[in-house]
Amino acid sequence: MRSDLSSRPHLQKVHAQNNGTIYDDHMMSSTNELIAEGRYRHFQEHNRQVGHFPYSEAIIHGEPKEISIWCSNDYLGMGQHPNVRKAMKEAIDLHGAGSGGTRNISGNHGDIIALEHELSILHEKPKALVFGCGYLANQATLSTLGRLLPDCLILSDDQNHASMIQGISASKSEKKIFKHNDIDHLEDLLKEQPKSRCKVIAFESVYSMDGDIGPIAKIIELAKRYNAMTYLDEVHAVGMYGPTGAGVAEREGLNNEIDIIQGTLAKAYGVVGGYIASSSALIDAIRSHASGFIFTSTMPPSIAAGARASIAHLRQSSYEREAMHSAVAYLKKRLTLARIPFLPSESHITPIMIADPRLCKAVADELLSNFDIYVQPINYPTVAKGTERLRVTLSPNHTPVMIDKFVEALHTVWTKFQLPFERNNCKDQAG
Ligand code: PLP
């Protein structure tokens with residue numbers, strides 16, 4: 001095969017454009033649009049140090065600086081827990097770094113089998129299946145489910161996570177979107193369908209950006225009445241709610257009533273990975289047909305062992321959950337007194353509303369540079385335009401003194417930027 005381009009002028013041109021910028025120009029113009037809209041994303045480098053969570057060492061203008069973190073999804077600080085670190089180190093020393101393959105070809109190690117067993121017990125389901133991350137668990141399961149169920153209709157909450165939306169689109173099934181948490185709308189859509197038709201209702205327990213909670217019991221009731229399956233994303237709830245941390249469905253005594261529970265190992269469990277828990281027949285089918293499961297390497301033994309240690313710890317210890325929830329209640333009370341507007345969420349997520357992408361970034365920058373407080377501004381497409389916010393999440397380690405200082409800093413910045421102070425609707429948090 002000839003490798004020189006001199007005798008092929010048309011290829012020479014493409015080559016020149018490729019190296020010389022036409023592709024980069026397209027990329028840069030798409031990025032420039034984001035910059036113009038004030039929603040270009042700056043990733044803040046910071047390095048957490050074991051034993052100091054929620055403090056961390058940020059790199060700002062090339063210099064290290066200690067900051068406190070107010071937006072971590074390591075909700076319970078389990079990423080640093082001694083049991084988790086020990087399990088991971090032991091697994092590396094015993095089994096090495098990687099898994100060596102896919103589940104089918106040489107990668108089916110004991111730690112992943114034990115993790116799936118732990119998850120099936122947690123959710124009181126016959127079987128569980130682990131994926132590389134929660135995104136993949138949603139995408140692979142929903143896309144496969146829609147293809148395996150004949151003439152399937154997927155009913156999806158309009159606030160569902162991007163990974164569910166992607167999975168539903170890839171399934172090529174018919175889909176209908178119901179208004180967020182709107183049981184009447186969902187029922188209207190179900191009523192139109194023959195009872196015998198395959199239907200999947202896909203929704204979440206804790207919605208990650210507003211922090212509100214899906215009406216799980218009512219959706220189950222509708223699913224039973226109209227012969228539909230339920231698919232519940234508990235990504236922001238596992239480890240956090242319920243007596244053993246199995247999520248909101250467990251808290252409400254509904255674990256057994258949901259057909260498929262999906263979760264992550266990357267948030268309250270502090271590691272990485274995603275999963276579903278369901279019937280043996282369903283898990284067997286997804287395991288056998290889902291491209292996003294079949295054609296990807298198994299998670300390493302160390303990750304599986306660390307996640308399992310984290311789940312096992314949070315099954316028997318409520319201390320972390322309780323300490324985190326009381327820190328959140330205290331924060332909501334202090335914000336209410338300071339008249340800083342936040343969505344009155346029922347969960348551990350406290351969205352502090354700014355409703356402008358540039359202002360949101362300016363507030364976050366000011367908090368970081370003048371108060372060493374790190375809270376990432378959240379903008380479109382993660383939330384709708386005009387609802388930009390600071391999404392605050394606390395851990396068991398955020399003390400009342402830290403929270404007082406955080407609210408004082410917010411108050412100062414709010415005043416500086418002339419943001420509106422408002423009475424919050426959160427009456428039960430006041431006083
Ligand atoms: N589902 C929801 C509701 C999420 O918010 C996220 C991520 O934030 C995911 C799924 C994906 O989980 P993971 O981070 O494990 O990929």
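The second largest pocket of this predicted model holds about 370 Å³ of space. It is lined by 18 residues, and Arg103, Glu116, Leu129, Arg287 and Phe293 are the closest to its centre. Helix H4 (110-122), strand E4 (127-131), helix H10 (280-289) and helix H11 (291-294) each contribute at least two residues to this lining. By class, the lining of the second largest pocket divides into seven nonpolar, six polar and five charged residues.

The largest pocket has a volume of about 1,300 Å³. Its lining counts 46 residues, with His161, Ser208, Met209, Ile378 and Thr382 nearest the centre. Two or more lining residues come from each of strand E1 (46-48), H5, helix H6 (162-171), strand E9 (260-264), strand E13 (377-378) and strand E14 (389-393). Of the lining residues of the largest pocket, 16 are nonpolar, 20 polar and 10 charged.

The ligand sits in this largest pocket. Around the ligand are 14 residues, the closest being Gly134, Asp233, His236, Thr264 and Lys267. Helix H5 (residues 134-148) provides the largest share of this shell, three residues. The shell is made up of three nonpolar, eight polar and three charged residues.

In the side chain of His236, an N or O atom is 2.6 Å from an oxygen atom of the ligand. Asp233 has a polar side-chain atom 2.7 Å from a nitrogen atom of the ligand.

How values were computed
Residues numbered from 1 in each chain as written. Predicted model: local features only at pLDDT ≥ 70, side-chain atom pairs only at ≥ 80, totals over all residues. Heavy atoms only, no water. Near = heavy atom within 4 Å. Polar contact = N/O pair within 3.5 Å; in protein donor to acceptor, adjacent residues only side chain to side chain. 1 Å grid on protein atoms, 1.4 Å probe; cavity = no way out; pocket = protein on both sides within 12 Å on 5 of 7 lines; lining within 4 Å. Sits in = over half its atoms within 2 Å of the grid points. Helix = DSSP H or I, 4+ residues; strand = E, 2+ residues; numbered from the N terminus. Nonpolar A, V, L, I, M, F, W, Y, C, P; charged D, E, K, R; others polar. Points joined across faces, edges and corners; volume = space filled by probe spheres on them.
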